[in-house]
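Please brief me on the model shown here.

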Amino acid sequence: MKTKSLLLGSAAALFAVTGARAADAVIIPEPEAVEYVRVCDAYGAGYFYIPGTETCLKISGYVRFEGRYDSINYDDNTRYDDASYADLYTKAYVSLTASSETEYGTLTSFIAFKGESGKSEVGDLWYDYDLDEYWDYTDSSSFGLDEAYLEIAGLRMGYFNHWLDSGIAGETDFQGYNAKFDSIRYMADFGGVSVGVSLDEPNGFLHYDDPNVTTIDGAVLGVSGYLGATVGMVDASVVGYYDFGAEEGGVRGIAKLALGPGSLEGLALWNSGASGYSPLGTFGMGHDGASYIDYGFGVAYAADINDKLTVTPGFMWASFKEDEVPGYSEDNTMWQAGVTVDYEIATNFTTKVSLQYFSFEDDETGGGNWDNDFNGWYFFWRFQRDF
C-alpha cells in the first residue's frame, strides 16, 4: 500500500513540474512564405519587381578601359614645341531605373553615377610657360552623380543629358557643346514625329570684359526645342537653343539614311556666339581655349561588315570664331578625319579602336603669342563590358 501511494505521489509531482515548464515554453511561429524576385517585362529586358511593391527596377551600366596616344605637331611660327603623350584610362558607370504605373501614366526615376581614373574624357593638356612643359591636369580619380531625373507623362525634371548630347556614328565629330543641365522638358510623340521643348539652366557663361580681367554671369536660363521625324529610311532631328544670359543661340541638325550594309549620317551646326550651350573651349590640343564653333558640318558612314563588326570612316570641318576678347579677332578652321572599328568579342563585351587625324589653322590677329597652326594624330583602343 505504501509502495502504491509513493508511485502515485511521484507521478503527480512529475506532472505538476512538466505542466509548469510547458507553460513557460517559447512558441516558435510558423515561417512566412518568402517572396522571390519576379521578372517585370512591362518596360523591357532587365527589370524586376522590388519585393512587396509594384515598382519595377533595372540596374545597368558598364566598365571601360582604354589606352590612348596623342601626337601634336606645331608649325615653325609658334613658340610651342611638338608634343606627344600616352595615357591609360578607366571608367565605371552604373544606373538605376525605377518605373511604375499611375493614373497619369508611367512614372520613372533615373539615377546614374560615374567614376573615372586617369585622364578624363574631356581632359586636355595645359602649357607651363616657365617650365616649357605640358601637364595633364586631369590625371586623377573622381566619382559622382552623372544624371538624376524623374519623368511622367512626357514631362522630365532633373539633371540630365540634353538633346545636344548626341552625334553621328564613329568618333570623328567634334561639336563643342555643353550638353548636361538642370532642366524641365516636355516631349510628345505624334507617330513618327517627336516634338519637345526644354527650359534649361546652362550654368552661366564666361565673359571677357577686359583682356586681363574675366567675369562670370551667374546661373541664367536658356530655352531649347527639338523636332525629330522618321520618313522612310531617313531619321532626322533638329535642335534649336537660346541662352538668355549670353543673348546667343544656335541650331544643330542630324540626318541618318539607311544605305547598303549600314547608315550614312551627317550633321550641321551654327552658333550666333558663345553661350552656355556652346561655350568657349579648347578645340584641338594646345589652343588658347577662347573661341567657339561658328559653324561646321560632319559626315560618317557606319558599315556593318557582319553582326559583330562595324567600320565607320568619318570627316568633320568647322569654323572657329573669337569675338569675346577686345582687340582680338579670330577666324580659325579645323578639320578631322579618321576611322573607328567596333567589334563584339562576346555577349556584352566589346572593343573599339579609333584613329583620327586633325589639322587646326590659326588666323588670329592682335595676340601673336597665340598664333599657331598645328596638326596631329589621336588614337585609342577601348574594351568595355556592359551589364
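The briefing below goes topic by topic.

This is a predicted model: local features need pLDDT of at least 70, side-chain atom pairs count only at pLDDT 80 or more, and totals for chains, interfaces and linings use all residues. Residues are numbered from 1 along each chain as its sequence is written, and side-chain values use heavy atoms, with hydrogens and water left out.

**Strand pairing**

- Strands here are DSSP runs of E, at least two residues long, while helices are runs of H or I, at least four residues long; both are numbered from the N terminus.
- Two strands pair if DSSP finds at least two bridges between them.
- Strand β19 covers residues 309-322. It runs antiparallel to β20, with 14 bridges joining the two.
- Within that pairing, Val311 stands opposite Val341 in β20.
- Strand β20 (residues 330-346) is also joined to β21 (residues 349-361), by 13 bridges, and the two run antiparallel.
- Trp335 faces Ser359 of β21 across this pairing. Gln336 has Phe358 as its bridge partner in β21.
- β20 and β21 form a hairpin with two residues between them. Asn348, in the turn, has a positive phi of about 65°.
- β21 in turn pairs with β22 (residues 374-386), antiparallel, through 12 bridges.
- Phe358 stands opposite Gly376 in β22.

**Disulfide**

- A disulfide is taken as a pair of cysteine sulfur atoms within 2.5 Å. The count comes to one disulfide.
- Cys40 is joined to Cys56, with an S to S distance of 2.1 Å.
- The pair links distant parts of the chain, 16 residues apart: Cys40 lies in β1 (residues 39-40) and Cys56 in β3 (residues 56-74).
- The torsion about the S-S bond of Cys40 and Cys56 is about 80°, so the disulfide is right-handed.
- Buried means under 20% relative accessible area, exposed means over 50%, and partly exposed lies in between (1.4 Å probe, protein chains only).
- Cys40 counts as buried at 1% relative accessibility. Cys56 counts as buried at 2%.

- Contact means heavy atoms within 4.5 Å. The contact lists below leave aside neighbours within four places in sequence.
- Glu147 is found in strand β8 (residues 140-152). Glu147 is buried yet has no salt bridge.
- A salt bridge needs a side-chain nitrogen of Lys or Arg within 4 Å of a carboxyl oxygen of Asp or Glu. Lys and Arg count as positive and Asp and Glu as negative, with His and the chain ends not counted.
- For Glu147, the nearest side chain of opposite charge is Arg156, 5.3 Å away.
- The Glu147 side chain does reach the backbone nitrogen of Asn161, at 3.0 Å.
- Contacts of Glu147 include Tyr93, Phe110, Tyr159 and Lys180.
- Ser319 sits in β19. At a relative accessible area of 6%, Ser319 is buried.
- Among the contacts of Ser319 are Tyr292, Asp294, Asn332 and Thr333.

- Ser60 is found in β3. Ser60 counts as buried at 17% relative accessibility.
- Beyond its neighbours within four places in sequence, Ser60 is in contact with Tyr93, Val94, Ser95 and Phe387.
- Tyr93 is a contact of Ser60 and also of Glu147.

**Positive phi in loops**

- Most residues other than glycine have a negative phi, and most peptide bonds are trans.
- Ala153 has a positive phi, near 50°. Its place is in the loop between β8 and β9 (155-161).
- At 48% relative accessibility, Ala153 counts as partly exposed.
- Glu247 also has a positive phi, near 55°. Its loop lies between β15 (234-243) and β16 (248-259).
- Glu247 is exposed, with a relative accessible area of 56%.

Technical notes: Polar contact = N/O pair within 3.5 Å; in protein donor to acceptor, adjacent residues only side chain to side chain.
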